[in-house]
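Let's take a friendly walk through the aromatic rings of a protein. Have the sequence and the 3D view ready as you read.

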Amino acid sequence: MHLRYSYRIYPTVGQRASLARTFGCARVVYNDALAARKEARKGGFPYPKSTDLQKLVITGAKKTAERAWLASVGVDPLIQSLRDLDTAYRNFFDSVSGKRQGRPVGLPRFKSRKDSRQSLRFTRNGFRVRPNGKLYLAKIGDVRVKWSRALPADPSSVTIVLDPSGRYHASFVVDVEPEVLPEVDAEVGIDLGLTTYAVLSDGSVIDNPRFLRKAEKKLKAAQRELSRKAKGSKNRAKARRKVARAHAKVADTRMDWLHKQTTKIIRETQAVYLEDLNVRGLARGRLAKPVHDAGWSTFRRLLEEKAARYGRTVGIVSRAFPSSQLCSACGHRDGPKPLAVREWACNECGVRHDRDLNAARNILAAGQADRLNAPGGPARPGVAIPRQARPVERGTHLSDPPRTDVRAAGAGGIPVR
């Protein structure tokens, strides 16, 4: 499996100028290739192949007076820029044909030098890690790296990223083997929310840290200072970077917290079940800011990635499943309830429930039922189910399609462990 390891790098003033020049050359090559393909499309001709584009916008362009400065940078990032264009077109055609799942992907667009994020990629021929810990980049030199942890294997490529706050990062791609953790008996269902971030079916509660809400005072001051600067001035550029650094601090703090929470859950449980929330729809309403601040999609993605790496299972329950309406004790459906109702008593058995804990228990029951009925499982009831996740189940491979359906057996009345 391929993993990314990202580190801060600290290029010198001269190396920053070389990187800026390489960013610009890679962007120009990308735009020239995109323009060539658009012209071919307008003329009714087939799209030029990658090899023909490379000869046109790189090899041939270096011999012209207008693009002679392309020879001042390494050729590897320029070739990778063309491969990025091929990937963008491939994603578009796969999205149109239905091969690619998820939100629709549009046609590639021209890149701008004013983009807040710049990146370029080097393959094995364009970089190497020195014995002294520095990162050598072709035609840039040895760059100092802040090694926060060791690389588990030799990297196959590295992407240099300049973020809006002015920080440089080196993102290495390495190929590692899955690290299967020892099996445990615990399985949990998780109900995500805003008042409390998550309630687990075993009664554990994860408080909502609200990182953006806590930093709003500083963010407002930085945004107010930015709005008073004249457009195009150096002071405005400084103020913009100050705002970007404030947002980057919030994003980094949130990501660090999410990594710690998901790692703890994956290590302590064999299977995790979540509800398939409509995050995009919720983010368009009046709760848009707290929904974005919560980072539910990132939480789910990290759980799935770590489950695939450590041999755990992540099950996704359909968003149509009435987790807040079912009694986890008897399975009676008590009907919808407004969000203000945090506790309720079942009209059938009289058991009093906490709304979030009851929903987490129902998600656990529905997820377990869906897992038992998954393809590749035993056809007869009563046959023991192995705890180790199978290849047909969610969480064992990153490429597995998500399971969003819940069979009727998981609708209610299922005993909770």
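A residue is called buried if its relative accessible area is under 20%, exposed if over 50%, and partly exposed in between (1.4 Å probe, protein chains only). This is a predicted model, where local features need pLDDT of at least 70 and side-chain atom pairs count only at pLDDT 80 or more, while totals for chains, interfaces and linings use all residues. Residues are numbered from 1 along each chain as its sequence is written, and side-chain values use heavy atoms, leaving out hydrogens and water.

The whole structure holds 11 aromatic pairs. Rings of Phe, Tyr and Trp (its six-membered ring) pair if their centres lie within 6.5 Å; planes under 30 degrees apart are stacked, over 60 edge-to-face, and the rest tilted.

One of the pairs joins tyrosine 47 and tyrosine 89; it is tilted, with 5.2 Å centre to centre and 55 degrees between the planes. Tyrosine 47 lies in the loop between helix H1 (13-42) and helix H2 (50-59), and tyrosine 89 in helix H3 (residues 75-97), so the pair ties together parts 42 residues apart in sequence. Helices (H or I, at least four residues) and strands (E, at least two) are DSSP runs, numbered from the N terminus. Tyrosine 89 is buried, at 6% relative accessible area, whereas tyrosine 47 is partly exposed at 32%.

Tyrosine 197 and tryptophan 257 make an edge-to-face pair, 5.0 Å centre to centre with 85 degrees between the planes. Tyrosine 197 belongs to strand S9 (residues 196-200) and tryptophan 257 to helix H6 (residues 234-268), 60 residues apart. Tyrosine 197 is buried at 1%, and tryptophan 257 is buried at 16%.
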